[in-house]
Every structure is written in C-alpha cells, then in structure tokens.
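Dear colleague,

I am passing on the structure that we discussed, with the sequence beside it.

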Amino acid sequence: MDWHFVLFVLSSIFCVQCEVNIPGVPNRRFLVPTEYPKATQAPNGLPYVSNASLSFRKRQFYLDGKPFQLLGGSIHYFRVLPEYWRDRLMKLKACGLNTVTIYVSWNLHEVYPGEFDFSGRLNLRQFIQLAHELGLYVSLRPGPYICAEWEFGGLPGWLLKDPHMVVRSNYPGYTRAVERFFTRLLQEVVDLQFSRGGPIIAIQVENEFGSYSDEVTHLAFLKQLLQKNGIVEMFFTSDGYVAYNMTGLDRAPFYKDALPTANFNDIHQGYGLFLMILRMSENFPLMVTEFWAGWFDYWGRGHNTVSVDVFSNTLKSILAVGASVNLYMFHGGTNFGFTNGANMEKDGYHSDVTSYDYDALVSEDGQLTPKYFAARNLIRTMSLSAQDNASLPDPPSTNRDGFLGPVKIQIQSYIALRELIGFVETPITSTSPVCMEDLVWKDNGYGQNFGYIYYTSRISHGGNLTFTGAPTDRNEIFVDDVTLAIHDVHDTNVTLHIPASSSNRQEMELGILVENRGRVNYALFSYNFLNEQRKGINSDILLDDQVIRHWKIYPMDFSDAFINRTLADGTWTTLGDINRSSPTLYRGRFDISSNKADTFLWMTDWCKGFVLINGFNLGRYWNVGPLMTLYVPGTLLKEGQNEILIFDQHCSHTSVQLRKTPVLSKDSL
C-alpha cells in the first residue's frame, strides 16, 4: 500500500474541525493536524520495535516472518459460562477472524489478597488452550485495569482498604498488589506464548491509560513486570480521543516501549488517531484494538444500538486502509452476579445493566445478528480474498426455537430482611458506620467487596436524622421495618424527619440497607473517582444533631455460604397472596423434564433486586429498565427440580416466568 498517498488523503480530509457522536457519551470535538504528517522521533529514544513473534516494518505486521493482518474479536471468558466457550469461539472463526482478544478480571481471580481462583468460569488457561485448538491466535489484555464496564474496571474492591490508595499509579501499595497478582496470573499463560508453541501473539500494557493519567512511569513499571515474569511477545497500548484536540496517545506517550493502537467507533475519530500513529514512526502498522460494534446500557436510560449500515461503513473504512482491527465486542455475554460497572457522567452516577449484549455481532445468548453476516462478508471480500483465502467454515447454527418457555414458576415462601440478617455469621459492632472496604470482617482482616450492607441502631425518640456525608450509592432507610426514605448518589438533601413512635415502646430500631450498585469503572484525567469508590456509609449519622454511637453492621454479600445457611434453615414463611413491599428473599421451585435449554427470566412484575437459580447469581434486575429479562444459560438448569431465589427490595409477586425471548428495551413491551 502507498502510505504516502494514505497520509495525504487523511490529512486532506481531516484538516477541519469535526464533531463526533458516540451513543451514550457526550459529543467530543477535536482538531487534527493540518500540516503534512511526518514521522517524529519518540521522546528519549527511537520508536518501539518488536523483535517478537509478531513484528512489523514499513506499516506491515509479520507473524513468524510472514505478512499478517490481525482480525480479532473480543470475548470475555468471565462473562460466558465454560460450556459455551467452544460455540462462541467457533462463531468467531467462522466470521473470518483469526484472533480472540481477552481481558483478565483481577477482582474475580484474587477475591482477597493472595487468595487466587483460576477454576471453572475463571479458567483462563483452558479458554486460551481452546482458542489454540480451534486455530485462533490470542491478544491478551491482562490489565490490571481493564475498564470493560466491569465492577471497578476489574480492580479488586479490597484495594480501597488502604485509605491512601492511588490506583493506576506507582503508589507502593498499588504496585505491590499488582506485582503479586501478575506473578500468579502469568504462571497461567507464560508458556502459551507463540514463541513457546502457544497462541498468544500480543500483550497490552494497562488499558486506555492516557485518558486517565500522564504518569508514564507506571506503564514502564507494568511492562517491566510483564517481562520479569517471562512475557516476550509484542507489547501494545490502546487509546482514543478524550477531549477537544486531545487523545490518550498525546497525554501518555509510550510509543518507544509499545505499539500504539486506536480505540473508536466513528471513522472520523479513527482517521485522526491513524494520522497520529503514522506520524510517530514510519514502521508502525495501523491497528484498531477497540472498534466499538455497539454500546452498553445504563439502568433508567434507553437501550443503545448501532445500525448495521453505520457499523459496516466504519469497518469497511478501517479495512480499506489495510488496518488490523479487533471488534469490541464480538460477543458481550453477561454481568453475572454483582459484577456490573458504572460511570460518572455529567448528571452523576449511572450503573450498567446486567446484560452485556452490547448490540454485538453475537448476542448475549449466542444468536448470530445481521452485524455478524455484514462483518463476515466484508472480511471475506476485503481481507481474506486479497490473501487468496476466502473460504470460511459455516458458523454453528443457533436459534431460539429450542429455547425453554413459557414456564410459570410459583413463589412459595420468603424470609424477611429482619430474619435474613440473622444468617450473617459475624455481624460487627461499631461506634460509627463503617464502609464495606474498611470492615474487619474476614479472617484475613479485610472487609466486603460486593453485595449489600445493613446498618442498625436503637434510637430513643424521633427527630431529624442527618447524614453528614453524601450517599455513596443507594440507601433505604427504615424505622421499625417500615421504609421511611430512599436516598441515592444523586440526592443532595440527606436530612429526613423520623416521626415519634406511635406505640408506648421506649425505643425504635433504625435500619439502613445500602446496595453496592457497582463501583465506577472509568474516570477521565484529573478526576479522582476511582480512588473514591468505597461503598456503604463512611460518615457519622446525627439524630437531632447528636451523633449516633451504637451500630450493628451486617455485611450481606449473598455468597454461596450465606445462601446455603438460609436454605438449610426451616423458618421460611409461606407467601400466599401477601403483597410485601420491604426487602425480602423469596423462594420457588420448578420442574424440568428433559429440555435444559437456554431461556430468559421475565422480571416485568417485580421491582428491584437480583436472582439466583440453583445457587448461581444471574445478576440484577430493576423495573426502571431498559433491561426487563435475565439470561438463563441452559447449563444452569437440572432435569427434575430446580430452585429459584429472588431478593426484591420493594415488592413481591406470586410467580415469575421463563420465556424464549429477551427484552433488552422496556420500550419494546
């Protein structure tokens, strides 16, 4: 390809001011250079050169010495049950892609310091080996920060036990934790590098770092740590536009140590980033690490989609300049359990929904979408044909005809919140409220990462209750088990009136249930949001200006152990036709004869909470939408009797239904 011509065309097109529209993200305006782009020397040295299995020169990738175009798709193993890994990877290969791009979730692999888990859904090694078996390469993005609309961007909540923690930096408390994690993580993958007979051909250093920080020495620390643990394949970074006339590549230049790559969904942004990369070195090839095929959803907002035409035109433009590309997401999967992330927008905090369908090429439940076939056709005609390799395998067939439903599940019994807190093994007594992370709750001295936390105190009279700190999430306040108010992070008035007791009792019970709706996973430069993600209550509460000094704290993480204690107990109450409006755990059973197929749980008659089926946490639901269903992988079901648990904070219903189709947008009902 004549790169001088490409540079001329791009600089001619983008010498004007452009406006970029990203679904769910405020418009970003930027200027691109008007002068003829020329390669400039990297600061303090020459631009990065890869001597690894995947190398490059004169704008061309070479794998093991042969010309190579990386055509990738993102699949997050931790968002997909292992029984479905092969199906999703086969669909990726049948789309014409040759590489699967993988994030690594630190907060699931190291739930507490030094307690590692690489089993089951977290068996990263098995996922990579399966990709290798299917003839796919792997681009590994180990973090430690991954963003990904994932709780705390993949960082473990226990980091915030340190009151001085500064994440994504060379703060010693952070680097020590990262070093321990990487040392263990890389034992799983070091021998799976291409140079050692495996499929891993590229390793990302951090993730979109320039959007957050200019502390380039932290990137150097991470690269050195990767190398220290045996990583030898090609290093790269990825970034996009972050503000007017500013990209992450500008703010944190690391192109003498790793290949810079671009993240975008709008080709106007893409061309501006391409120009920057081409100017950095005459050898750098163009690569899009994240071409956003869709977008994610917030609770209480609309369902985001990107049209097939817009998607196709952008992909066509990327391939037309010979760039390598990774489709983010190829298959999104699900934020099972309490793993969804959140963002701070101009109007405040917004948490992400359970489905990570992302309007991707392959839907949350594995269906092939029109985008899949559009991408497959473009890749075959624009990339594979040029390589005399246009033959593609047929993708595995999938449709919802065989899905389970409709099945009506009766709810038989319940445990109210007052009884439920009795299953917390070690409630904590304190003179003041303590946030989740600061609790001394576990034997290792650490606190709580996920779930809910309940604070209770006996008060002698009514009066004005004042929270001296703003809510960090969603607080439901009770007096004698009756809901008095609900506060969330958008509320500025944190004072309410507690009426005097209507009975002759001398004391009332004050209760506050706090839900960790998901720690923020993304923060822009100069904002300290990531270091402020402590959940629960972390400041004094006053009654008529007097500090309440006697608290009992119940961490409710709804772990397997917690749930098993509730199931083993015989104090469940028959529901009948009672309509409950306070936080309650409900229980039902249903039989399946033989069809253990995928299905969707319709939560349209319920209010807010989460669901477990056969002990597996499917994730959260909320009637504000847009998501109104929860995906139930068929592998979670059993022939014979199955059990469902629903924790709802505000209402009850006598039944719930399994159906064959999802509802990603409340407006479609």
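A cavity is a set of points on a 1 Å grid, laid over the protein atoms alone, where a 1.4 Å probe fits but cannot get out, whereas a pocket is an open set with protein on both sides within 12 Å along at least five of seven lines; lining residues have an atom within 4 Å of a point. Grid points are joined across faces, edges and corners, and a volume is the space filled by probe spheres set on the points.

Please keep in mind that this is a predicted model, in which local features need pLDDT of at least 70 and side-chain atom pairs count only at pLDDT 80 or more, while totals for chains, interfaces and linings use all residues. Residues are numbered from 1 along each chain as its sequence is written, and side-chain values use heavy atoms, with hydrogens and water left out.

Cavities

By class, the lining of the largest cavity has 10 nonpolar, 5 polar and 3 charged residues, where Ala, Val, Leu, Ile, Met, Phe, Trp, Tyr, Cys and Pro count as nonpolar, Asp, Glu, Lys and Arg as charged, and the others, Gly among them, as polar.

The second largest cavity has about 70 Å³ of space, and the residues lining it include Trp295, His303, Tyr356, Leu627 and Leu664. Its lining divides into 7 nonpolar, 2 polar and 3 charged residues.

The largest pocket

The largest pocket contains about 1,100 Å³ of space. Of the 33 residues that line this pocket, Phe450, Asp557, Phe558, Ser559 and Asp560 are the closest to its centre. At least two lining residues come from each of β8 (110–112), α12 (560–568) and β36 (616–622), and α12 gives the most, with 5 residues. In this lining, 16 residues are nonpolar, 9 polar and 8 charged.

The disulfide

Counting a disulfide as a pair of cysteine sulfur atoms within 2.5 Å, the model has 1 disulfide, which joins cysteine 607 to cysteine 651 with an S to S distance of 2.3 Å. The link is right-handed, with 125 degrees about the S-S bond.

An open sheet of 3 strands has the order β3-β4-β5 and antiparallel pairing, two strands being paired if DSSP finds at least two bridges between them. Its edge strands, β3 (54–57) and β5 (66–68), each pair on one side only. Strand β4 (residues 60–63) is joined to β5 by 3 bridges, and tyrosine 62 stands opposite proline 67 in β5.

Finally, the UniProt record, an unreviewed entry, places the feature "domain: Beta-galactosidase galactose-binding" at residues 583–642. Over residues 583–642 the chain is 0% helix and 55% strand, and the end C-alpha atoms are 23 Å apart. UniProt positions are given in the numbering used here, feature names are shortened, and annotations may be inferred rather than shown by experiment.

With best wishes

Note on methods. Helix = DSSP H or I, 4+ residues; strand = E, 2+ residues; numbered from the N terminus.
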